[in-house]
Amino acid sequence: MDEMLMLRLRVEDLLYLEADLLDRWQLDDWLALYTEDAHYYIPPSDVDGDTADPESSLFYIMDDRIRMEQRVIRLSKVGAHSEFPHSKVRHLVSNTRVERAGDLIRARSSFVVWRSKDVTSDAFVGHYLHEIVEQDGALKIAKKTCVLDMEALRPHARISIIL
Amino acid sequence: MPRAAFTSRDVFEREYEAIFGNCWLYLGHASELPEPGNFLTRTVARRPILFTRDKEGEFSALLNACPHRGALVCRERKGKSRAFMCMYHGWTFGSDGHLMTLPGSSGYPEGFKTDPQKQMVHAPRLERFGDFFFINFSKDGEDLATYLADAGDYLKLVAEHSASGMQIVGGTQEYSMRGNWKLLAENSFDGYHAACNHSTYLEYLKNANGALGATPLSGVARDLKNGHALVEYSAPWGRPIANWVPLWGEEGKTEIAAIYAALQARVGAERADRIAHKNRNMVIFPNLVVNDIMAITVRTFFPTAPDYMEVNAWALAPREESEWLRKFRLYNFTEFLGPGGFATPDDVEAIEKCQQGYAVGGEALYNDISKGMLREDGASFDDEEQMRAYWREWDRRMNQVES
């Protein structure tokens, strides 16, 4: 089989696994998909999310691995009021394209994430930029940027789930 | 406070007349229009505004509608342009709103183009306090500095973080809440809710830094007159102006110490101590929040219904800040603040649950904001004196308008 096609299938498998773990609130397992120096970003919608730098623009989320771990810990607590009880979450991922840049695999995909709680359902629409590396034969995510293809985060009040 | 103040459609409509129609409302910061010709569009109290700088550098706040048929003239969020053409019939206006080009002018009488009614309309009043620009939809009333009262000195204090001037960092957090807008005013300087509502944030600080800082949450609440108020307090989190925390690494310690020494030399030891070591959550009536906490956020929020508000939030930072410190400022901002932070989502939950709770109606008609009323040695940061100051002004202004 064509090598890039095979790679895309492997990447899609990883993205679908990630979506499934997030939908089922298996957040420790989700974290295990990431490298030890991973980052998770969500830029705001008035900058070019594909190129914006979280170190010079205000983002919604600019997590390093330490903060990703703390985010998972926080979301397991009753005191994370916004997510107690946990909302219903559904990640839809599609249109995946992959390219190789040396050892780095770049994946670009479309997402819709639904969050439902307290008689409201909000949809987050956008595209993912994943940077993936191969470690001991397995694919690991080194960086994930969730670019919102929305004019503003409205009527959403919060990104209390993991996109 | 009667809960009808948060739920009534009649109150909501009267607020637009009595409060948003008469108060000074925050428009933007000078640093958002750094060069002549820059512009941005923004909705203030439901009205689309075009905020411009002309080629001489003069600022204008125009009501963003064509005098011809009323279409929005500028449809971009921001940019640089000396002329703004209405896409409907091509009427074109300068940065100060004057009609530059009138297509098909042979169909109009002489003098039509210079008729005052054919120019874009300016917001009735535009004034600046330092680099903060405000507009007022009423021609009459006190000037901005008088209106700001004792809040003015605190806006100056924020400006003094920098030797070269403060700037809005690129990137706007634009979100909303399904709750009455005044719930966010209360929440923005509520020192009482932190321990319960934000327990997971305090636990995060402890985990991420190895231990919670030794500085306790402690301080005062102040009425700044005209409905403005603040809480000023010490806290265990890092502040990019001069409160180092272990999470920022050893190399940062030296830089933070140098910033503090320079600040002391510039503004004196006492003011430097306040700027660096004290946190301030300030609400400028009716809806400008300037919170100088683990980072500085400038925030406005306008209702579009009694139970829904749109929020805009920006980060303010010293221009001369190093890349290293800017990174940690933004890292600090996002740790607590905004829809993806470790705290704001729980504020949203509280605000939305209050709004939902008001639906019980019946005999549960009032909110309690009495904490600290009987204290004789001045209000604590976790009392509710700042909310009472805000609500007294709200009540005074609402009573000036017939229901």
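1. Let's start with Asn226(B). This residue is buried, because 22 other C-beta atoms lie within 10 Å; buried takes 20 or more other C-beta atoms within 10 Å of the residue's own, exposed 12 or fewer, and partly exposed is in between, with C-beta atoms placed from the backbone. Asn226(B) sits in the loop between strand S13 (218-223) and strand S14 (229-234) of chain B. Its phi is positive, about 60 degrees, although Asn226(B) is not a glycine.

2. A quick word on what you are looking at. This is a predicted model, where local features need pLDDT of at least 70 and side-chain atom pairs count only at pLDDT 80 or more, while totals for chains, interfaces and linings use all residues. Residues are numbered from 1 along each chain as its sequence is written, and chains are lettered from A and ligands numbered from 1 in the order in which they are written.

3. Now look at Asp136(A). Is it buried or exposed? Asp136(A) counts as exposed because it has 5 other C-beta atoms within 10 Å. Its phi is also positive, about 50 degrees, and it is not a glycine either. You'll find Asp136(A) in the loop between strand S5 (120-135) and S6 of chain A. Strands here are DSSP runs of E with at least two residues, helices are runs of H or I with at least four, and both are numbered from the N terminus.

4. Check the cis peptide bonds too. One joins Arg154(A) and Pro155(A), with omega about 5 degrees, and Pro155(A) belongs to the segment after strand S6 (138-148) of chain A. Another joins Phe285(B) and Pro286(B), with omega about 0 degrees. Pro286(B) is in the loop between strand S15 (279-284) and strand S16 (288-292) of chain B.

5. How do the chains meet? The contact takes 33 residues from chain A and 35 residues from chain B, where two residues are in contact if their C-beta atoms, placed from the backbone, lie within 7 Å. On the chain A side, strand S2 (61-64) and helix H3 (65-75) each give two or more residues. H3(A) provides the largest share, four residues. That side of chain A divides into 18 nonpolar, nine polar and six charged residues; Ala, Val, Leu, Ile, Met, Phe, Trp, Tyr, Cys and Pro count as nonpolar, Asp, Glu, Lys and Arg as charged, and the others, Gly among them, as polar.

6. Follow H3(A) across to chain B. Its axis and that of helix H7 (residues 199-209) of chain B come within 10 Å and cross at roughly 140 degrees, which means that H3(A) is oblique to H7(B). Axes are lines fitted to C-alpha atoms, for helices over the stretch in contact, and angles run from 0 to 180 degrees between N-to-C directions. Under 35 degrees counts as roughly parallel, over 145 as roughly antiparallel, 65 to 115 as roughly perpendicular and the rest as oblique. Ile66(A), Gln70(A), Ile73(A) and Arg74(A) of H3(A) touch Thr200(B), Tyr204(B), Asn207(B) and Ala208(B) of H7(B).

7. Chain B has an oblique pair of its own. Helix H8 (residues 250-267) and helix H9 (residues 269-277) of chain B have axes that come within 7 Å and cross at roughly 135 degrees, so H8(B) is oblique to H9(B). Their contact includes Leu263(B) of H8(B) and Ile275(B) of H9(B), and its residues divide into seven nonpolar, one polar and one charged.
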